[in-house]
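Here are some friendly notes to read beside the model. Please keep the viewer open and look up each residue as you go.

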Amino acid sequence: MPLTVVGVGADGLSAQASEVVRGADVILGSARQLALLPDAGTRKITWPSPMLPALPGLMEEHRGREVCVLASGDPMFHGIGATLVRLLGAENVTVLPHLSSLSLACARLGWPVEDVEVVSAVGRPVETLHPVVQPGRRILLLSADGRTPAAAARLLVDRGYGPSEVAVLERLGTEKERIVRATAEKWTDDADALNVVAITCVPAPEAALLPRTPGLPDDAYESDGQLTKRELRAITLARLAPVPGQLLWDVGAGAGSIGIEWMRHHRTCRAIAVERDAERVARIGRNAANLGVPALTIVSAEAPDALAGLEKPDAIFVGGGVTVAGMVETCWDALKPGGRLFVNAVTIESETLVTAWQGRIGGELVRVEISRAGALGGFTAWRPMLPVTQWIVTKEATP
């Protein structure tokens, strides 16, 4: 079907976009965007809510007509354009972009576009900011509404980044354009609904460093003791090798640390945490939000039965329950070709099991023993953690 997506700026349509709109049989957009157009008899359709599930039906309903879709700024920058290309194919969609809010904001602030971290709060929790809040980084937050700047400022203060410089850019590209500046700790007001938030991250002296590299401090997590400790977590994530866009199963997730740090590696990494204990399930949700990956999927059920029907993973970590009947078989069968299965075995029984499996299907066995220095009276002594046997195996592609 002939479909054109045109970018609409706060200052309206370009000459080329206006010509496309005039020639369209059907125009789809938000109520605000459609109100910018003259009433010329063309059928106008306001996006339903929720929009995404309705898209295939709308496109089918208007098959064969000249359809124009209105989008804010650049339709391929966190916009409807990318969704329509995935649905209809690039060959069936023409995109006429306007300047994006990123380009306009960076031009006003004098920021090089390539140095800016971009996060969207449109349809997403503001906690998505957490992974990119790092010392000295510049962030552009795409706001959902006028309350987003205050929510972002509260998050920064809670993270110990109260001194961060916040600039809220309202109605970019219009005569009413305005920039409001303050530090996060002094920000109190709501903003115009049409805004983006620019943040220069400045930590307070007491702020904890939470890098995106694996091995966050243990106290970054809320736990009941069922937590893969920092050193083992770093080794485990390194061997699981997160790849952008790939999916991890974190089976017997405990506090959810492996799935959370897998997702913190890259914004497109996905994870499913499987945990049977209801209190731990709630705790995983809080940890995921507090560490910036609220999109972590949590399955509250017992493995291996809970694994049936889940999307096939690229990697699996079994943190608990490896000795349950059928656990290894189920995980191995579900794993995609080229996928990685990783088990940390602490007990003699689990070590015996993974050793037997290593003899059957291969992989590596690694023994890890870690000690941490701690007080012993007036002196310092090494306190050993339980030794762990790690089994990592890659599923070869079938011929």
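Is Glu222 buried, partly exposed or exposed? Glu222 is partly exposed, with a relative accessible area of 32%. Here buried means under 20% relative accessible area, exposed means over 50%, and partly exposed lies in between (1.4 Å probe, protein chains only).

1. Before you start. This is a predicted model, in which local features need pLDDT of at least 70, side-chain atom pairs count only at pLDDT 80 or more, and totals for chains, interfaces and linings use all residues. Residues are numbered from 1 along each chain as its sequence is written, and side-chain values use heavy atoms, with hydrogens and water left out.

2. The partner of Glu222. Arg286 and Glu222 meet through their side chains in a salt bridge (2.6 Å, N to O). Arg286 lies in helix H9 (residues 278-290) and Glu222 in the loop between strand E10 (195-200) and helix H7 (230-240), so this pair ties together parts that are 64 residues apart in sequence. Arg286 is partly exposed, at 38% relative accessibility. Two terms need their cut-offs: a salt bridge is a side-chain nitrogen of Lys or Arg within 4 Å of a carboxyl oxygen of Asp or Glu, while helices (H or I, at least four residues) and strands (E, at least two) are DSSP runs, numbered from the N terminus.

3. Further salt bridges. The structure holds 21 salt bridges. One of them joins Glu117 to Arg137, with the closest N and O atoms 3.7 Å apart. Glu117 lies in strand E6 (residues 116-120) and Arg137 in the loop between E6 and strand E7 (138-142), so the pair ties together parts 20 residues apart in sequence. Glu117 is partly exposed at 26% relative accessibility, and Arg137 is partly exposed at 32%.

4. A bridge with a buried end. Asp314 and Lys336 form a salt bridge whose closest N and O atoms are 3.5 Å apart. Because Asp314 lies in the loop between strand E13 (297-300) and E14, and Lys336 in the loop between helix H10 (327-334) and E15, the pair ties together parts 22 residues apart in sequence. Asp314 counts as buried, at 11% relative accessibility, whereas Lys336 is partly exposed, at 31%. There is also a network: salt bridges that share partners join Asp218, Glu231, Arg233, Glu261 and Arg372.

5. Two rings together. How many aromatic pairs does the structure hold? It holds one. Phe317 and Phe342 form this pair, which is tilted, at 6.1 Å centre to centre and 35° between the planes. Phe317 is in strand E14 (residues 315-318) and Phe342 in strand E15 (residues 340-345), 25 residues apart, and the pair links these distant parts of the chain. For the terms, rings of Phe, Tyr and Trp (its six-membered ring) pair if their centres lie within 6.5 Å; planes under 30 degrees apart count as stacked, over 60 as edge-to-face and the rest as tilted.

6. Charges over rings. The charged end of Arg360 sits over the ring of Trp357, 3.9 Å from its centre. Lys395 lies over the face of Trp332, at 5.7 Å from the ring centre. A charge sits over a ring if NZ of Lys or CZ of Arg is within 6 Å of the ring centre and within 35 degrees of the ring normal.
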